[in-house]
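Here is a brief report on charged side chains.

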Amino acid sequence: MQIDQDALGDVIKRLRRAEGQVRGVIAMIEDGRDCAEVVTQLAAVSRALDRAGFKIIATGLRQCVTAEADDREPAIDVAQLEKLFLSLA
């Protein structure tokens, strides 16, 4: 499965944002910030990573639908995509 360029840019943007959030969480812990604040930021990082993963899966689903409409064999089958989706859910 190949990620199309539009989706790839979006995924990279989300991952870079998550990378910055992780650095922020590390700084919060090192600064002795409140646990509730740290956990809130960790949850935000987790959501950002999930969104990046779901974007990749959505690209794969579009490729499967397009391939089937063009009577081609999809690069990844629906069962594999379902397994990937469930790993994020």
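Buried means under 20% relative accessible area, exposed over 50%, and partly exposed in between (1.4 Å probe, protein chains only). This is a predicted model: local features need pLDDT of at least 70, side-chain atom pairs count only at pLDDT 80 or more, and totals for chains, interfaces and linings use all residues. Residues are numbered from 1 along each chain as its sequence is written, and side-chain values use heavy atoms, with hydrogens and water left out.

The structure holds four salt bridges. The term means a side-chain nitrogen of Lys or Arg within 4 Å of a carboxyl oxygen of Asp or Glu. Three of these pairs are listed here.

| Pair | Closest N and O atoms |
|---|---|
| Asp10 and Lys55 | 3.6 Å |
| Arg23 and Glu19 | 3.7 Å |
| Arg33 and Glu37 | 2.7 Å |

Asp10 forms a salt bridge with Lys55. Asp10 lies in helix α1 and Lys55 in helix α2, so the pair ties together parts that are 45 residues apart in sequence. Helices are DSSP runs (H or I, at least four residues), numbered from the N terminus. Asp10 is buried at 18% relative accessibility, whereas Lys55 is partly exposed at 27%. A network of salt bridges links Asp10, Arg14 and Lys55.

Arg23 and Glu19 are four residues apart in helix α1, about one helical turn. Arg23 is exposed at 51%; Glu19 is partly exposed at 43%.

Definitions and conventions. Helices (H or I, at least four residues) and strands (E, at least two) are DSSP runs, numbered from the N terminus.
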